[in-house]
Amino acid sequence: MAVDNNGNTRNAADIDGNKQRIMDIVDEKKGEFIEASDRIWETPETRFTVPKSVEQHYKVLEREGFDIQKGVAGMDYAYIATYGTGKPVIGITAEYDALDNLSQEAGNPNRKPVVEGAPGQGCGHNVLGTGALGAAVALKTLMEEKNLKGTLKLFGCPAEESGYGKAFMARDGVFDDVDAAFTWHPSDTTAVAGGSGLAVMQANFSFKGLAAHAAAAPEQGRDALDAATLMTVGVQFLREHIIDAARIHYAYLDAGGKSANVVHPTATLYFFVRAPYLEQAKPIYDRVVKIAKGAAMMTETELKIDFDSACANYVPNHPLSEDMDRNLDLVGPLQLTDEELEFESKIQANNPKGYEGPLAERLKAANPSLSDEEVNKIAHSSMALPKFPLIYTTDTKGQASTDVGDVSWCTPTAQYYGGFEPLGTPAHSWQWVANGQSSVAHKGLVQAAKTIALTAYDALTDPELLQAAKDAYAKEFKGKPYKSVIPPETQPHG
């Protein structure tokens, strides 16, 4: 027998019964979650300006009776949807932003944009957000039916792609009262996240010069594009002198105009600096700033630096992650038809030649117990349906960045990857957009809603699990408080 937060004793049959009820609720209500996901897919929006996307969440949350606080942490389209009162406070995070220039027809296994250059759901956030939404609805429904005590909060988080809405929320203390947090992310393999990601800092570097006739009066001009070019060259030399795990990326936001016969008066670069920890990214970012200042001095141009955002590395909480892994087993793998597997195979056919080799290495790392023959067989499949084991690792090779990292620094956090994307296809690709309204994506949504709801239920009702999570969190961070590197004057924008 165990005692829950309500002072009630319960046995395994009771737990199983409640968990079965959670999964039944998801199945009963899945139509509204799928509808919201598909509508978000049809109106892709980027960064913080996501009014149509968040509206689909509001429709479901209002219908389900949540209290909704809109406009959180300086973001018009961030929200906190709450049900219940008192402790513990269980958080679930949801996303809904898209990516620029990834427009693609749904269900078309070949590249065909709906609108050339328009955004698309290339990271599956339409499914991610509504899967998290479904988990919150299912747990809230059970809390009502069973009169369970505690508080459930669903956090609507815009701009996971580059803007890092959750980092601004964390900076403003939004997660400070949360006892445990849960989320998930689409992927081409299924596994609970046992590894970290990369912390990142990013900023715009704008150079201002003087325009002049490039042939008749070049001596009167000061070329901002030269400054930007010199900055990128300087950063290329810097790459030799940073840690292997670090990454630096950039894009030209303003290349000075289209005329070659004008000394370019403006130029702007957008730089990302990634490293396993913020304390490693910060000194690299500082050196990038020095290079920018040097480029401005060399060209006698003015430099303006606009810090955009930053996010911390993700730190998995072991007790919560292991509980999530058990619940993922309870939910089980996706059950796909031959027609669905054939569709995924057609999308996968657009992968570059030779992708199976690096994919096999990644699969072997994800499950070292697999034989070479087994790895080879999976690598040549259209989908990786079996769940991969939970493996804790500090290796950040091949990892990206996520603002879930900031949440994990504020409270014990667990997340998993749901493998409903064609095997070997990359995130941030048109292939994922094409798959975003498929029946396979819908099944991935349902799996996520059940898995997160079951794990959140455990945290809500099992004091021993929650205490173990808090103890592990305390041991991991050793009393080191979360400290945002986003300057106070930097506000969400774009």
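The model is predicted, so local features need pLDDT of at least 70 and side-chain atom pairs count only at pLDDT 80 or more, while totals for chains, interfaces and linings use all residues. Residues are numbered from 1 along each chain as its sequence is written, and side-chain values use heavy atoms, leaving out hydrogens and water.

Let's start with the sheet. Strands (E, at least two residues) and helices (H or I, at least four) are DSSP runs, numbered from the N terminus. The sheet is open and has 7 strands in the order β3-β4-β6-β5-β7-β13-β8, with mixed pairing; two strands pair if DSSP finds at least two bridges between them. β3 (67-70) and β8 (191-192) stand at the edges with a single partner strand each, so one side of each has no neighbour in the sheet.

Now look at β6 (residues 150-157). Strand β5 (residues 89-95) runs parallel to β6, and 7 bridges join them. Here I90 has L152 as its bridge partner, and E95 stands opposite C157. Strand β4 (residues 79-85) is also joined to β6 by 7 bridges, but this pair runs antiparallel, with Y79 opposite G156.

In a regular strand the side chains alternate between the two faces of the sheet. You can follow this in β6: G150, L152, L154 and G156 point one way, and T151, K153, F155 and C157 point the other way. Which of these are buried or exposed? All of them are buried, meaning under 20% relative accessible area, where exposed is over 50% and partly exposed in between (1.4 Å probe, protein chains only).

Helices come next. Helix α13 (residues 439-461) lies across β5, β6, β7 and β13, running at about 165° to β7. Such angles run from 0 to 180 degrees between N-to-C directions, and axes are lines fitted to C-alpha atoms, for helices over the stretch in contact.

Finally, find helix α2 (residues 51-63), which has 13 residues. Its buried residues include H57, V60 and L61, and after the helix comes G65, with a positive phi near 85°. The axes of α2 and helix α3 (residues 125-146) come within 11 Å and cross at roughly 10°. That makes α2 roughly parallel to α3, a label for angles under 35 degrees. H57, V60 and L61 of α2 make the contact (heavy atoms within 4.5 Å) with G129, T130, L133 and V137 of α3.

How values were computed: The expected span of a helix is 1.5 Å times one less than its number of residues. Angles under 35 degrees count as roughly parallel, over 145 as roughly antiparallel, 65 to 115 as roughly perpendicular and the rest as oblique.
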